[in-house]
Amino acid sequence: MLNIGSNINEMRVDGSVSRLRSDLEAFQSFGLTAAEISIHGLDLVKNGRLDCSRAAEVQSVMADFPFRYSAHAPNPLNLMDKKYQELHRDVLHASLEFAAESGVEVLVYHPGRFLVEETFAISAPFVCPPEEQQRLLADEARLLQEAADCFPAVTIAMENARPYLYHSPYCYAEFPARLKQQIDRIDRPNVRMTLDFGHLHMASRFYNLNPVDEVRNCAPLIAHCHVHDNFGNPVTYAEKNQTHQLPFGKGDSHMPVGWGNIQFSNLFQAFIDGYSGILICELRGRYFEATGESAATLAAILQQAGAGERLAPSC
């Protein structure tokens with residue numbers, strides 16, 4: 001069964017459990033059958049520990065809706081962090097603890113970054129010697145093996161990354177093939193891949209990759225999807241204002257499906273026959289009112305790809 005859903009946007013929800021409820025109610029009215037919970041957006045983890053009281057509040061709201069749920073670990077989580085690696089490990093385990101207790105199938109995780117995005121403004125363009133990269137990859141693999149063994153009921157879905165001007169390749173996961181290599185190295189049945197269509201589009205243009213070939217190569221590992229649109233043009237990390245980027249077709253827009261120029265049909269045909277996961281329309285908060293439109297457009301694309309009969313009926 002395929003479930004189309006959307007994300008509880010971290011900036012929109014901003015720690016509010018009442019906003020979580022209202023957004024899930026809206027998702028239900030849009031005909032969605034899945035939702036992705038933002039762990040950081042709901043303040044579920046504080047200083048590396050799960051806030052059990054807050055988790056109970058969120059779980060109570062979640063239980064009132066018939067959605068299939070995924071969750072997103074905090075964006076700054078980086079198992080390659082050189083200074084606070086133990087704290088980052090604790091954040092991952094706390095996120096997995098919430099997922100396991102909540103019946104969440106998939107936890108989305110941003111793979112390790114050799115150079116952390118938050119330091120781009122104070123860093124020179126990326127330089128990380130190959131031997132250092134291999135050490136960091138080994139550290140991440142070891143920590144993910146440990147986490148996967150501790151929480152076998154939750155799939156850790158490693159997300160392909162977007163490129164940035166001047167600082168790429170800051171992350172190996174900008175290249176789906178390298179992400180596949182790391183997942184193969186981790187070698188755990190519950191460590192898989194989140195295919196982010198918007199990030200793939202930007203990386204394919206930036207590095208001159210064939211996106212269909214990239215998806216086909218990773219197809220057996222894809223356990224989760226983030227489906228959103230953009231025009232494929234990267235920006236610097238400092239460029240944040242969407243109203244400034246959109247007129248020029250720049251940035252990781254996270255627009256509704258069909259608003260950019262991603263060729264979704266070709267990509268879905270490369271893996272959808274063997275896929276039975278959740279498809280999250282991961283939109284920026286500014287596009288919340290178009291969530292239903294995005295889901296309907298995605299459903300139509302899936303129909304064209306021959307997967308329409310496998311779509312879960314609306315809740």
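**Entry 1: what I am looking at**

I remind myself that this is a predicted model.

**Entry 2: the largest pocket**

I started with the largest pocket and got a volume of about 1000 Å³. How many residues line the largest pocket, and which lie nearest its centre? I found 38 lining residues, with E10, N75, D252, H254 and R284 nearest the centre. Sorting the lining by class gave me 14 polar, 13 charged and 11 nonpolar residues. I then looked for the elements behind it: α1 (10–13), β2 (34–38) and α9 (242–245) each give the lining at least two residues.

**Entry 3: helix α2**

Next I checked the length of α2 (17–29). At 1.5 Å a residue, its 13 residues should span 18 Å, and I read 19 Å between the end C-alpha atoms, so the two agree. Which residues of α2 are buried? My list is V17, L20, D23, L24, A26 and F27. I note that an aspartate, D23, is in that buried set. The cover over these buried residues includes β1, α1, β2, α3 (52–62), β5 (68–72) and α11. Just past the helix I came to G31, which has a positive phi of about 85°.

**Entry 4: helix α11**

I ran the length check again on α11, residues 291–304. Its 14 residues should span 20 Å at 1.5 Å a residue, and the end C-alpha atoms are 20 Å apart, so this agrees too. The buried residues here are T291, G292, S294, A295, L298, I301 and L302. What do they pack against? I wrote down β1 (3–7), α2, α10 (264–269) and β10 (278–281). After α11 comes G306, with a positive phi near 85°.

**Entry 5: N160**

I went to N160 in the loop between β7 (155–159) and α6 (176–186). Is N160 buried or exposed? Its relative accessible area is 1%, and buried means under 20%, so N160 is buried. I followed its side chain and found that it reaches the backbone nitrogen of D196 at 2.7 Å. Leaving out residues up to four places away in sequence, N160 touches A173, L179, M193, T194, L195, D196, H199 and L200.

**Entry 6: a cis peptide**

I stayed in the loop between β7 and α6, where P169 is also found. The peptide bond joining S168 and P169 is cis, with omega about 5°.

**Entry 7: two aspartates with positive phi**

With a relative accessible area of 35%, D43 is partly exposed. D187 likewise has a positive phi of about 55° without being a glycine. This second aspartate is in the loop between α6 and β8 (191–196). Why does D187 count as exposed? Its relative accessibility is 56%, and exposed means over 50%, so D187 falls in that class.

Conventions: Residues numbered from 1 in each chain as written. Predicted model: local features only at pLDDT ≥ 70, side-chain atom pairs only at ≥ 80, totals over all residues. Heavy atoms only, no water. Helix = DSSP H or I, 4+ residues; strand = E, 2+ residues; numbered from the N terminus. Buried < 20%, exposed > 50% of the residue type's maximum accessible area, 1.4 Å probe, protein only. Polar contact = N/O pair within 3.5 Å; in protein donor to acceptor, adjacent residues only side chain to side chain. Contact = heavy atoms within 4.5 Å. 1 Å grid on protein atoms, 1.4 Å probe; cavity = no way out; pocket = protein on both sides within 12 Å on 5 of 7 lines; lining within 4 Å. Points joined across faces, edges and corners; volume = space filled by probe spheres on them. Nonpolar A, V, L, I, M, F, W, Y, C, P; charged D, E, K, R; others polar. Expected span 1.5 Å × (residues − 1).
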